[in-house]
Amino acid sequence: MKVLSVVGARPNLVKIAPLLRAMTQLKQIESVLVHTGQHYDEKLSEIFFKQLNIGEPDVNLGVGSGSHSAQTAEILRKIEPVLVEQHPDLALVVGDVNSTVAATLAAAKLGIPVAHVEAGLRSFDRSMPEEINRVVTDALADYLFVTESDAIQNLLKEGRPRERIYMVGNVMIDSLQHAMPFAQSSTVLNDLGLMEKGNVVPFGLLTLHRPSNVDSLDVLSRLLRALHAVADRLPIIFPVHPRTQSKLDELNASGHPGLRMIAPLGYLDFLCLMGRARLVLTDSGGIQEETTALGVPCLTLRENTERPVTVTVGTNYLVGQNPEMIEAIACEILAGQGKKGEQPELWDGRAAERIVDILLREFSETVATSRSL
Ligand code: UD1
């Protein structure tokens with residue numbers, strides 16, 4: 001069975017790593033990796049390949065940045081000949097970035113079956129580019145692997161057949177569990193001066209990159225004011241995404257001594273910080289899940305989440321851009337009254353194994369059926 005996996009942006013790499021590991025252990029699977037080049041900076045791409053032990057991609061499409069349509073179109077144009085040449089039995093896509101939807105569309109048009117890992121998540125907010133990517137990808141994918149039970153209901157409501165939906169757990173948590181022992185030896189706490197006499201200085205961790213939070217300078221400066229109120233109480237480490245950095249440069253606002261902006265971090269350093277943080281503030285999707293898995297309180301700076309299990313079962317709070325709410329919940333957490341949370345069903349580090357088992361079973365049944373016809 002030949003599987004062509006597609007990655008493009010930073011979170012894709014975290015999700016694909018355990019799948020590649022599970023596939024390369026089996027001689028029945030020939031695995032090909034295509035990197036679209038959506039993310040290309042050393043700090044957003046290369047370091048993740050290294051730290052997640054993902055080998056060099058077989059193909060790099062080198063698409064780079066662009067508007068959503070331009071980027072998606074460029075991936076479509078460049079991936080089609082690769083799919084034709086490689087002629088895989090299956091295209092494997094993860095997450096909800098532009099590379100995910102573009103690869104799915106190209107494969108579906110060529111009649112290549114598509115498996116979508118992290119299917120069915122819905123924010124019900126079509127102003128999010130990722131929501132459009134999720135809806136289109138799931139409409140076309142043949143195998144829908146879900147991380148939480150709400151996703152099953154979302155897919156059923158969209159008319160996807162129940163027998164195509166598989167609840168398997170969360171590959172991002174597979175990666176986290178695998179990498180955590182290595183993250184413990186990161187020197188990042190010392191490097192950032194967060195160790196004092198052998199103890200970790202209490203700190204918070206912030207990430208911010210959603211267009212809805214950073215593209216408007218008004219919204220961004222309002223959010224920064226709310227974050228400064230938290231930074232009055234707790235030093236915050238802020239690895240800045242390139243999109244956000246360019247907006248901060250435009251804003252040219254005065255900083256806050258408690259809000260420490262640094263360059264984007266590698267996976268292991270980031271995991272190390274996340275695991276030791278008193279709280280995390282973010283607008284990322286994956287970090288909502290990782291904090292739940294780690295039992296660290298998370299304030300999600302968005303009005304909605306496509307990952308509701310992190311709020312109902314885990315440690316996540318949806319706080320939007322509301323300064324009073326951000327401050328009040330941060331204070332609650334710092335007073336030791338934060339959510340403790342539990343582990344969502346099947347977030348046990350074995351999702352990739354389940355996915356690969358299902359694919360092998362389904363594929364051998366398909367081959368058996370076509371032989372008997
Ligand atoms: C993309 C995903 C988002 C994901 C995020 C993780 C989509 C629609 N969005 O957002 O879901 O959470 O990745 O990081 O696919 N840039 C660089 N270097 C890079 C890549 C980007 O400087 O290596 C800059 C470029 O100026 C670019 C901007 O960042 O225009 C945005 O990059 P892009 O890939 O379009 O989206 P992200 O905001 O990273």
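In what order do the six strands of the open sheet that contains E12 and E15 stand, and is their pairing parallel or antiparallel? The order is E12-E11-E10-E13-E14-E15, and the pairing is parallel, where two strands count as paired if DSSP finds at least two bridges between them, and where strands (E, at least two residues) and helices (H or I, at least four) are DSSP runs numbered from the N terminus. The edges of this sheet are strand E12 (259–262) and strand E15 (316–318), each of which pairs on one side only, and the twist averages 20 degrees from one strand to the next; axes here are lines fitted to C-alpha atoms, for helices over the stretch in contact, and angles run from 0 to 180 degrees between N-to-C directions.

The model is a predicted one, in which local features need pLDDT of at least 70 and side-chain atom pairs count only at pLDDT 80 or more, while totals for chains, interfaces and linings use all residues. Residues are numbered from 1 along each chain as its sequence is written, and side-chain values use heavy atoms, with hydrogens and water left out.

By the same criterion, Arg164 lies over the face of Tyr143, at 5.0 Å from the ring centre.

The chain also forms an open sheet of seven strands, with parallel pairing and the order E3-E2-E1-E4-E5-E6-E7. Its edge strands are strand E3 (59–60) and strand E7 (165–167), each pairing on one side only. Within this sheet, strand E1 (residues 2–7) and strand E4 (residues 90–94) run parallel and are joined by four bridges, and the bridge partner of Val3 in E4 is Leu90. Helix H3 (residues 68–86) lies across E1, strand E2 (30–35) and E3, running at about 165 degrees to E1.

A polar atom of the Asn12 side chain lies 3.4 Å from the backbone oxygen of Val94, and Asn12 is buried, because its relative accessible area is 1% and buried means under 20%, with exposed over 50% and partly exposed in between (1.4 Å probe, protein chains only).

Arg243, in helix H11 (residues 242–251), counts as partly exposed because its relative accessibility is 30%. Leaving aside neighbours within four places in sequence, Arg243 is in contact with His209, Pro211, Val214 and Asp215. Its side chain makes a polar contact with the side chain of Asp215 (3.1 Å), and a polar atom of the Arg243 side chain lies 3.5 Å from the backbone oxygen of His209. A polar contact is a pair of N or O atoms within 3.5 Å; within protein, one must be able to donate a hydrogen and the other to accept it, and residues adjacent in sequence count only if both atoms are side-chain atoms.

A search of the whole structure finds two aromatic pairs, and one of them, Phe48 with Tyr267, is tilted, at 6.2 Å centre to centre and 45 degrees between the planes. Rings of Phe, Tyr and Trp (its six-membered ring) pair if their centres lie within 6.5 Å, and planes under 30 degrees apart count as stacked, over 60 as edge-to-face and the rest as tilted. This pair links distant parts of the chain, with Phe48 in helix H2 (residues 42–51) and Tyr267 in helix H12 (residues 267–276), 219 residues apart. Phe48 counts as buried at 5% relative accessibility, as does Tyr267 at 4%.

Two loop residues remain. Most residues other than glycine have a negative phi. Glu118, in the loop between strand E5 (114–117) and helix H5 (129–140), has a positive phi near 90 degrees and counts as buried at 4% relative accessibility. Lys197, in the loop between strand E8 (195–196) and strand E9 (199–200), has a positive phi near 50 degrees, but Lys197 is exposed, with a relative accessible area of 86%.

Terms used: Lys NZ or Arg CZ within 6 Å of the ring centre and 35° of its normal. Contact = heavy atoms within 4.5 Å.
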